Amino acid sequence: MSTLNGGKIQNILYAHINKGVNFEAPGYCMPKNNQKIDNLSFITHEKGYSNSNQKFRCVADNNSFSNFYGYVEVEKDCQKVVADQINNNILLSSTAKIESKPQLIINADDVKCSHGSTTGQLNKEAIYYMQTRGISEQSAKNLLIEAFINDIINEIDNKEYGEFLKNKGFNLF
């Protein structure tokens, strides 16, 4: 799941996971200029001996808003489930807003599940370091954003789509 353009967007992911399934769900969004993007995911482990891994990242700027609502449920008697969910975010301006609500509902005993969320800003020391090496401030910011997002793009199974996203460039801000 990736979102780059649009005024008001809602992405919804539903996954029902059976025995032996290894489900990967990388995604990102980059709202700016008053965009509003909702990213909702509902992952249900219906059988044991299954895995899910959801990584979602957002970079928001200029009065934009992003919402990540992630819901992972392990149904009763679904043993040996491994489920990870993480949402990392970067705010590029004081007017951008991000809400993050990762959730786990676990109805089984023998599982390994985790979830988390971080929201912060670009590392000012890293930007300064690059500037002392002759890189402009904007180029330094774009490099940091690219590194942050490329971690997700590299997990996309469709290599052609991943290359399209990389070639799109991150000079969006």
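Colleague: Which residues of the largest nonpolar core touch the most other members?

Modeller: This is a predicted model. In its largest nonpolar core, which has 13 residues, Tyr28, Met30, Val59, Ile145 and Ile149 touch the most other members.

Colleague: How do strands of a sheet pair, in general?

Modeller: They pair through backbone hydrogen bonds, and the arrangement is either parallel or antiparallel.

Colleague: How many bridges join S4 to S6?

Modeller: Ten bridges join strand S4, residues 36-45, to strand S6, residues 65-74, and the two run parallel.

Colleague: What is the bridge partner of Ile43 in S6?

Modeller: The partner of Ile43 there is Val72.

Colleague: A new topic, then: Arg57. Where is Arg57 found?

Modeller: Arg57 belongs to strand S5, which spans residues 51-60.

Colleague: Is Arg57 buried or exposed?

Modeller: Arg57 is buried, because its relative accessible area is 14% and the cut-off for buried is under 20%.

Colleague: What does the side chain of Arg57 reach at 2.7 Å?

Modeller: At that distance the Arg57 side chain reaches the backbone oxygen of Phe148. Phe148 is also among the residues that Arg57 touches, beyond those up to four places away in sequence; others include Tyr28, Asn87, Ile149 and Asp151.

Colleague: What about Asn89: where does it lie?

Modeller: Asn89 lies in strand S7, residues 81-91.

Colleague: Buried or exposed, in the case of Asn89?

Modeller: Asn89 is buried as well, with a relative accessible area of 5%.

Colleague: Which side chain does a polar contact of 3.0 Å join to that of Asn89?

Modeller: The contact joins the side chain of Asn89 to that of Asn87.

Colleague: Which residues does Asn89 touch, not counting those up to four places away in sequence?

Modeller: Asn89 touches Cys58, Ile98, Ser100, Ser117, Thr118, Thr119, Gly120 and Phe148. Phe148 is therefore touched by both Asn89 and Arg57.

Technical notes: Residues are numbered from 1 along each chain as its sequence is written. This is a predicted model: local features need pLDDT of at least 70, side-chain atom pairs count only at pLDDT 80 or more; totals for chains, interfaces and linings use all residues. Side-chain values use heavy atoms; hydrogens and water are left out. Two strands pair if DSSP finds at least two bridges between them. Helices (H or I, at least four residues) and strands (E, at least two) are DSSP runs, numbered from the N terminus. Buried means under 20% relative accessible area, exposed over 50%, partly exposed in between (1.4 Å probe, protein chains only). A polar contact is a pair of N or O atoms within 3.5 Å; within protein, one must be able to donate a hydrogen and the other to accept it, and residues adjacent in sequence count only if both atoms are side-chain atoms. Contact means heavy atoms within 4.5 Å. A nonpolar core is a set of buried Ala, Val, Leu, Ile, Met, Phe, Trp, Tyr and Cys residues joined through side-chain atoms within 4.5 Å.
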